[in-house]
Every structure is written in C-alpha cells, then in structure tokens.
Amino acid sequence: MGKLNDSLLSGSNGRTGRLVVANVLGTEVIRMRPRRRTNQPSDKQSLIQQRMKKCLDFIGGYSAFACKHFGYRVGLRSCYNLAMNNLLLAFKVNYTDMTITPSYPEIAFAKGALLQPLPTDLSATTAGSFEIEWYNNAPAGSSRENDDLQVLFLQDNAITPIFMENMAKRIDTTVSIQVPVYLQGQKVHVWMCFRAADTSEVANSVYVGEVQLL
C-alpha cells in the first residue's frame with residue numbers, strides 16, 4: 001500500500017511500497033527506502049557510521065554558512081552536500097587500527113571565487129585570545145579591500161568548531177579573536193576566509209594552523 005500525489009504545479013511526491021518519489025528543486029527523484037536493519041553492523045560499518053556522525057557534528061558549527069558559501073550547486077548536489085563531502089574526505093578512516101583521524105589542513109568551510117587569504121602569522125600573546133595576521137592581496141582602492149574576515153576555530157580533539165563572522169576587513173591585515181574562558185590554555189585549530197561585504201561571494205577558506213592559547 002502507498003500514496004502518490006501528482007500535481008501540475010508541485011510535481012509528484014509520495015511513496016508506494018519501498019519506492020519514494022520526491023520533488024527536489026523541480027526535479028522528480030525516485031529513491032528506494034532502506035530496509036530496517038535486523039542485524040548488528042560490522043566493525044567497519046560501525047566505523048563508517050562514526051565518521052558520518054563526526055562530520056555531522058563538525059559541520060554543525062557552520063552549516064548555515066556552508067549552505068550558502070561552499071561552491072556552487074551541481075545538479076542535485078547542494079552546497080551543503082559539497083561541504084559534507086569535503087569533511088568525509090578529510091576525516092581519514094584507518095581500518096587496520098580502526099580509528100578516525102581528521103586531517104585539519106584538508107578541511108574547508110568555504111569555497112568561492114574571491115581572492116584567497118594569505119595568512120602570515122598565527123599567535124597567542126594575550127590570555128583569552130589569539131591573533132591572525134595576513135597579507136592584503138587586494139588591489140589598492142578596490143572593493144576587495146573591504147571583504148569581511150570569517151574565522152572558524154576548534155579546540156584540539158573537540159567535536160564542533162566555533163564560527164565567527166565579520167571579524168575584520170581584508171585591508172586590516174590583523175585581528176585579535178577573543179575565545180571562551182574554557183578554551184584558555186588549550187590548543188586550537190584555526191581557519192579563515194573572506195566574504196564580500198554584500199555577502200554575495202566568498203573566497204576559498206584556508207587552514208591557518210594550530211596555536212596554544214594562554
């Protein structure tokens with residue numbers, strides 16, 4: 001038994017048996033509903049499930065941003081799908097040791113066509129903050145000098161990163177980022193990117209590095 005609705009305006013949707021019909025951005029898609037699992041997953045299957053959970057937790061820190069600013073939709077692959085694919089590739093699975101290890105330099109939180117950031121230094125000289133310095137690679141007097149800095153940082157081995165928007169302008173070449181009290185004395189990983197002042201476009205994010213907070 002099942003139900004399938006057919007509309008000239010909204011397209012078809014519904015299900016019959018294990019077949020599910022959905023309308024995705026004007027394209028009708030037929031999917032097969034997975035069977036209910038009746039046995040325990042293998043160790044390797046559990047490891048893959050753990051990787052997916054880790055990626056979902058990680059992207060939770062910037063998912064709204066990624067939905068708008070991670071590349072461009074390709075067919076049915078949304079910006080969010082592209083961002084998730086980046087994380088799945090960056091979280092390395094070792095089937096011998098049965099471990100999952102993130103490769104932080106491979107992680108990106110933004111993909112776009114603007115001038116990519118050129119970080120020159122990452123330091124922590126004051127308790128409760130860290131400093132990023134970068135080279136202003138925008139043409140003098142151009143609108144690119146007013147691109148806004150976006151910062152993502154993650155406590156080492158934590159689950160979800162912290163995302164901070166519009167922390168400085170490209171022309172500023174330096175910024176001090178205040179961190180929550182619980183991060184004092186911890187090591188954090190830092191990423192940065194620039195977004196146009198009108199939020200229409202972004203640059204590729206880059207991994208700045210790791211720094212020990214005071």
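On a 1 Å grid over the protein atoms alone, a pocket is an open set of points where a 1.4 Å probe fits, with protein on both sides within 12 Å along at least five of seven lines, and its lining residues have an atom within 4 Å of a point. The model you are looking at is predicted, so local features need pLDDT of at least 70 and side-chain atom pairs count only at pLDDT 80 or more, while totals for chains, interfaces and linings use all residues. Residues are numbered from 1 along each chain as its sequence is written, and side-chain values use heavy atoms, without hydrogens and water.

Let's start with the largest pocket. Its lining consists of Lys54, Asp57, Phe58, Phe91, Ile100, Pro102, Tyr104, Leu154, Asn157, Ala158 and Ile159. Helix 1 (43-59) and strand 6 are the elements that give two or more residues to this lining, and helix 1 has the largest share, with three. Helices (H or I, at least four residues) and strands (E, at least two) are DSSP runs, numbered from the N terminus.

Now turn to Tyr95, in the loop between strand 5 (91-94) and strand 6 (99-102). Tyr95 counts as partly exposed because its relative accessibility is 39%, between the limits for buried (under 20%) and exposed (over 50%), with a 1.4 Å probe and protein chains only.

Finally, find Ser129 in strand 8 (residues 129-134). Ser129 counts as buried because its relative accessible area is 3%. Ser129 and Gln178 are 49 residues apart in sequence, yet their C-alpha atoms are 4.3 Å apart in space.
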